[in-house]
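Here are my notes after going through the model, as numbered points. Have a look at the structure first, then read on.

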Amino acid sequence: MAPATRLVLLIGWLGYALMPWYLVEGMSLSDWGWLAEYPFGKAGSALALVLSGQTPWLLPPGIALAAATLFWRSGDRQRTARMLIWAGLLGLLLFFAQAFAIVLKDQGIAWLAALLGGAGATQRGIGGGAFLTLLSLLFLLCHGLAYRGVCRGDLFTVSTIGLIILLIAIFIFFPVAIILKSALVDQSGAFAPVAFVDAFLDSSIWGLGCVTSNTNCGVAWNTLILAVLCGVITTLLGLACALLILRTGMPGKRIMRALTVLPIITPPFVIGLALILLFGRAGAVSTLLYEWFAIPRSRWLYGLPGVLLAQVLAFAPIAFLVLIGVVQGISPSLEEASQTLGAKRWQTFRTVTWPLLRPGIANAFLLGFVESMADFGNPLVLAGNFEVLSTKIFFAVVGASYNQGQAAVLAIVLLAFTLGAFWIQQRWLGSKSYTTVTGKGDAGLPTPLPRRVSWLATAAIVPWVALTPVIYVVILVGGFVRNMGRDYTPTLQHYLTGFAIDFSHGLYFEGSAWPSFFTTIKVAAISAPLTALIGLLTAYLLTRQRFRGRSTLEFATMLSFAIPGTVLGVAYILAFNVPPIEITGTGLILVIAFVFRNMPVGVRSGIAGLSQIDKSLDEASTTLRARSFTTLWRVVLPLLKPALVSALVYSFVRSMTAVSAVIFLVSAEYNLSTAYIVGRVEAGEFGLAIAYSSVLIVFMALGIALIQFLVGERKLGRRKTVAKNAALSSSVADPITQGAAS
């Protein structure tokens, strides 16, 4: 038995025999204070509870650990593998059987509880001991499979696959299944498939009144049109900006780069509010147009144009982060070879550069498409009579006529659209190779853009880059005036209300925004590295390993992105408010929600980056007898720095600014900045909301700069100059450019 397997067994016994199996009264999974207050075993380890006769249903996991322990010093690898597989598999099955069969009174699975010796009994949520035992049983199963030769017998690879599958099953599939099953039941809880079909085919979802008559189209068509437009426009803007920054010597790159990143660090509703203050009926631009040119005021902003404009401003930076690393990774030698063969710039771009950009373009479009579908903040502010699925789900959940079944049906429609987009993306990419980063030296020069591409790219981003600073001037000014749009008297009252500090009796943070601000920082600091780690590990496994169910796992990683944040938040409440996983109201549920909500970005960025890295680099490391972990850490990860930065930046920013996924999960003890801002918007305190948003923008900008500094640049051994008109003009790539998403 390998030393790693022995360590797994020790961890399992630590959890089963010494640590508390259930949550200690007054404690949570995220609070380890019990360790100082309770000696080992006194708080109720599984072994102590079984020996006392209180919980006979906890005996099977111990038997599984004991069976695996019998082979502690066994030299027979095949017999050890069989025992580990059976011990781990049966232990996991019985662990979950007792966890879900014996829950609360009149709940659970009665016949299974009776079989396990817990008929009529109840149990609390799992604690630290149960968590460690669960991990141990999982890793024992994975090690047994590795001993049988799965994934070339690599313990790290098989264990990582098993861990990611378990996490996705518990924190994505389980809560989503809980909320979606309500689509198949009626108000009394009875199975009603006919009612589901009627609700699914309702004309309010699929109606074509906007085509056949002078009425509104169904909410599904509205959402699909908006998402496709948003995905296409954001992808084109992101690509244009990436090409101009990396392939031209245009001045002002740093300023343009900063302006493109600003929207992604903006809290919810703020861009929508700024657009209303600019282009609403009483907005500054509308007023000027009316007074100077007699152009009547209108409500054009409220509907598809306004929502699309807000989403493009908000989500184009995501496409840019994905695409700039892909553009950077294209080998200049391939383009030079094309020109050596007599191809002109346009032909080289069309036949060499564009095909190599396809993975990044596909992933950027998919993220923009899914983000648009899941967004409910901008439609909530700007949609007017233009209904989309996310807002309809939101009002079905929080409205006066609470209808969980309708929300589930709409969520299924949304999920179908997202998975359909994912399938189309896979078909478009096909099985072609997009490798451009190899182990060979590459000192080629990036080919200058064709003139027509440069002009088109410039024309595309000029309105974007011009509008962005105007919006942020409105945001900045809004925090320093009494009432934006009505009373422009300068004041610091909004900042003092939220962020006042009292120095009279030491350092005391007395502003009303400080508690939510500090909580948000802690949650973001924990969730961001976890999101990047899980996302990039998953991308590595999906692109570098071959195992059964790989395509299913890739689909599963997108599931949390496909479900609107509001529905995911409600699903977490329903799934984790009762045993066996009882974490509602704690900081842990916020971290978990952010990690698995944002994980798809890390996965997609990692896949886009890994598609450019030649597998021969991994094979060379393996030939030199390096383990998978060593190869990943010393060979692959340094080349994935753009994807790592993308995952860290995105997860950090979304943890600071997301609202839909956590609006139902915050509590008095764990309130977040976004929930505070939404509360101020609902109360009409726009000045305080904008002031708080300005503070968050500055803080997130500093955080992104710190991430860029800590991760560093990817070293490809290429010259950083751009050939222009047969001459070499030096181009210094700024730190943000080098650390963008791939």
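1. Start with the loop between helix H26 (565–576) and helix H27 (587–610), which is where Pro-580 is found. Bear in mind throughout that this is a predicted model. The peptide bond between Pro-579 and Pro-580 is cis, with omega at about 10°. It deserves a second look because most peptide bonds are trans.

2. On to backbone angles, in another loop. Cys-151 sits between helix H7 (128–147) and helix H8 (155–180), and its phi is positive, about 50°, even though the residue is not a glycine. Arg-152 belongs to the loop between H7 and H8 as well, and again phi is positive, near 60°, in a residue other than glycine. I'd check both, because most residues other than glycine have a negative phi.

3. Buried or exposed: what are Cys-151 and Arg-152? Cys-151 has a relative accessible area of 12%, so it is buried, the cut-off being under 20%. Arg-152 comes out at 66%, so it counts as exposed, which takes over 50%.

4. Now the salt bridges. How many turn up when the whole structure is searched? The search finds two. One of them pairs the side chains of Glu-371 and Arg-654, at 3.4 Å from N to O. Glu-371 is in helix H18 (residues 345–374) and Arg-654 is in helix H30 (residues 641–657), so this pair ties together parts of the chain that lie 283 residues apart in sequence. Both Glu-371 and Arg-654 are buried.

5. The side chains of Glu-685 and Arg-680 form a salt bridge too, with an N to O distance of 3.1 Å. Glu-685 is partly exposed here, at a relative accessible area of 36%.

6. Next, a helix pair. As a reminder, two packed helices are described by the angle between their axes and the distance between the axes. For helix H1 (residues 3–18) and helix H4 (residues 59–69), the angle is about 150° and the axes are 11 Å apart. That makes H1 roughly antiparallel to H4, and their crossing is left-handed.

7. Which residues meet where H1 packs on H4? From H1 come Leu-9, Gly-12, Trp-13 and Tyr-16, while H4 brings Leu-59, Pro-61, Gly-62, Leu-65, Ala-66, Ala-68 and Thr-69. By class, the contact of H1 with H4 has eight nonpolar residues, three polar ones and no charged ones.

8. One residue I'd pick out is Val-228, in helix H12 (residues 219–247). Leaving aside residues up to four places away in sequence, Val-228 touches Phe-365 and Phe-369. The C-alpha atoms of Val-228 and Phe-369 are 6.0 Å apart, although 141 residues separate the two along the chain. With a relative accessibility of 34%, Val-228 counts as partly exposed.

9. Finally, the chain as a whole. Its secondary structure comes to 33 helices and six strands. Of the 742 residues, 55% are buried. Among contacts in the chain with a separation of 6 or more, 76% are between residues 24 or more positions apart.

Terms used: Residues are numbered from 1 along each chain as its sequence is written. This is a predicted model: local features need pLDDT of at least 70, side-chain atom pairs count only at pLDDT 80 or more; totals for chains, interfaces and linings use all residues. Side-chain values use heavy atoms; hydrogens and water are left out. A salt bridge is a side-chain nitrogen of Lys or Arg within 4 Å of a carboxyl oxygen of Asp or Glu. Helices (H or I, at least four residues) and strands (E, at least two) are DSSP runs, numbered from the N terminus. Buried means under 20% relative accessible area, exposed over 50%, partly exposed in between (1.4 Å probe, protein chains only). Axes are lines fitted to C-alpha atoms, for helices over the stretch in contact, and angles run from 0 to 180 degrees between N-to-C directions. Angles under 35 degrees count as roughly parallel, over 145 as roughly antiparallel, 65 to 115 as roughly perpendicular and the rest as oblique. A crossing is left-handed if the near helix is turned anticlockwise from the far one by less than a right angle, and right-handed if clockwise. Contact means heavy atoms within 4.5 Å. Ala, Val, Leu, Ile, Met, Phe, Trp, Tyr, Cys and Pro count as nonpolar, Asp, Glu, Lys and Arg as charged, and the others, Gly among them, as polar.
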